[in-house]
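Have the sequence and the 3D view open as you read.

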Amino acid sequence: MRMMNGRELLVAGIDFRMEYPQVCYQSARMKEPELLPLGFKDQEGRTACFLKILSALKRFAKKEDICAAIVLPDLEEESILKATQEACEAGFIREQLLVLSEAESLVHFVMHQSNDIWQNRVCLMEFGADEVRVQMLAVSRRTTPMLVQVTEPEYWYVGNMLDGGRDERLAQMTETCFKGTPVSAVFLAGTDFDAREYKKSRELICSHRRVFLAEQVYARGACMAVGMQSAKPAYLFLNEQTLLYNMGIRCRRGSQEQIHMLVSAGENWYDVQEWREMILLGEPMLEFVFQPMMGGKELCFGMQLTDLPVRPERTTRLLIEIHFSGPRQCEVKVSDLGFGELYPASDLYWMESFSLEEEEEYDGTGDDLPGQTRGDAAAGGADGTWTV
């Protein structure tokens, strides 16, 4: 369980893909997330739902000890901002909110099971009235950390029980889907998979693999994602929201030139809000370096600090702020902080946007990720001696 300033946190997963959310929570005393039973039909709007969720969670912990992950149906910048704003209006603390896609929450749910579950492909089947929503998850152990991939959902029309033939259609589609690479586990949601109604498909799905009934998958996975934030990840999920580059800045420490890591590959672009204070050494030019996590040619971008006041060497402090407006669009702001009373700040700042090239498709060679980890980057230069 995650700690913050020596305190145990209560974590919550809020699956808000539908009009009303499903909520799970987990404390340090709980081995697994549990459903938080709440009724939302009398609530008008998402803010009111968040208010009810926070009120229920505060029965178990103080507000400052609560962290929550919100699962959204899409992760457009506007959708993320709106959801987090509504949660904050209800009383949540923005710094303790995490936003996930449904695919990412599914990954965390599966990867927190024992490793025999995801030894081969894992399948999630969500049963509706006349169709089954299917997603497959696969883990590559040839990289460090392991890479996890999730397919786009498939929707199988199988008809309803009253029409007949549902079991046969499900069995036929399952047989086609499961061909090739083995499937080691199946999670079922929205059904009890009664043997009388699903005779053929049940026999096929349960043959030589583990099968589980699993409700609140996304809310539980979101809970698990919050709980592991402070830990070094053993796996990495790549999707369209993931940063595929380690971002650093060329600098010196002592007599050695180094790349000081600022942002780690594998993060969701919308979670990045980084800043560093550094001392300028030499010309008013900064060089940012982007290292592709799958190997290949690094990208270098220069940033000229035009009209920066002339001062003696090592007497200019800079504040470097970084965020992303998309997975391949990096935004940098650099502000002149001066150097105490001797050289006051000029109130000048410079902004630059870096567009990253398309990454080559992963070739499965299994090379380790280049560059430092987030922990390494944070540790290096913690004494403020980095110069750029």
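Which strands and which helix each supply at least two residues of the lining of the second largest pocket? They are strand S8 (121-127), strand S9 (131-140) and helix H6 (217-227). Keep in mind that the model is a predicted one.

## The second largest pocket

This pocket has a volume of about 480 Å³. Its lining is made up of 23 residues, and those closest to the pocket centre are Asp 15, Arg 17, Met 18, Glu 126 and Tyr 218.

What kinds of residues make up the lining of the second largest pocket? They divide into 12 nonpolar, 4 polar and 7 charged.

## Rings and charges

Next, have a look at the aromatic side chains. Searching the whole structure turns up 14 aromatic pairs. A pair like this is described by how far apart the ring centres are and by the angle between the planes. Ring pairs also build a cluster, which links Tyr 245, Phe 288, Phe 290, Phe 301 and Phe 354.

Two lysines are worth a click as well. Lys 333 has its charged end over the ring of Tyr 349, at 4.6 Å from the ring centre.

## Cysteines

How many disulfides does the count come to? The count is 0. Take Cys 223: the nearest cysteine sulfur belongs to Cys 24 and is 5.9 Å away, and Cys 223 is in no disulfide. For a disulfide, the two sulfur atoms would have to be within 2.5 Å. In general terms, a disulfide is a covalent bond that joins the sulfur atoms of two cysteines.

Is Cys 223 buried or exposed? Cys 223 counts as buried, because its relative accessible area is 0%. Cys 251 is buried too, with a relative accessibility of 2%.

## Buried stretches

Among the buried residues of H3 are Glu 102, Glu 104 and His 108, along with Leu 106, Val 107 and Phe 109.

Along the sequence, Ile 70 and Ile 14 are 56 residues apart, yet their C-alpha atoms are 4.8 Å apart in space.

## Two residues with positive phi

His 208 is not a glycine, but its phi is positive, at about 60°. You'll find His 208 in the loop between helix H5 (199-205) and strand S13 (210-213). With a relative accessible area of 80%, His 208 is exposed.

Gln 216 has a positive phi as well, near 55°, and is also a residue other than glycine. Where does Gln 216 lie? Look in the loop between S13 and H6. Gln 216 counts as buried because its relative accessibility is 16%, and the cut-off for buried is under 20%.

Glu 215 and Phe 187 are 28 residues apart along the chain, and 8.9 Å separates their C-alpha atoms.

Now hop over to Asp 130, in the loop between S8 and S9. Asp 130 is partly exposed, with a relative accessible area of 32%. How many residues apart along the chain are Asp 130 and Gly 159? They are 29 residues apart, with their C-alpha atoms separated by 4.3 Å.

Last stop: Glu 152, which is found in the loop between strand S10 (146-150) and strand S11 (154-157). Because its relative accessible area is 63%, Glu 152 counts as exposed. The C-alpha atoms of Glu 152 and Met 136 are separated by 8.0 Å, and the two residues are 16 apart along the chain.

Conventions:
Residues numbered from 1 in each chain as written. Predicted model: local features only at pLDDT ≥ 70, side-chain atom pairs only at ≥ 80, totals over all residues. Heavy atoms only, no water. Phe/Tyr/Trp six-rings, centres within 6.5 Å; stacked < 30°, edge-to-face > 60°. Lys NZ or Arg CZ within 6 Å of the ring centre and 35° of its normal. 1 Å grid on protein atoms, 1.4 Å probe; cavity = no way out; pocket = protein on both sides within 12 Å on 5 of 7 lines; lining within 4 Å. Points joined across faces, edges and corners; volume = space filled by probe spheres on them. Helix = DSSP H or I, 4+ residues; strand = E, 2+ residues; numbered from the N terminus. Nonpolar A, V, L, I, M, F, W, Y, C, P; charged D, E, K, R; others polar. Buried < 20%, exposed > 50% of the residue type's maximum accessible area, 1.4 Å probe, protein only.
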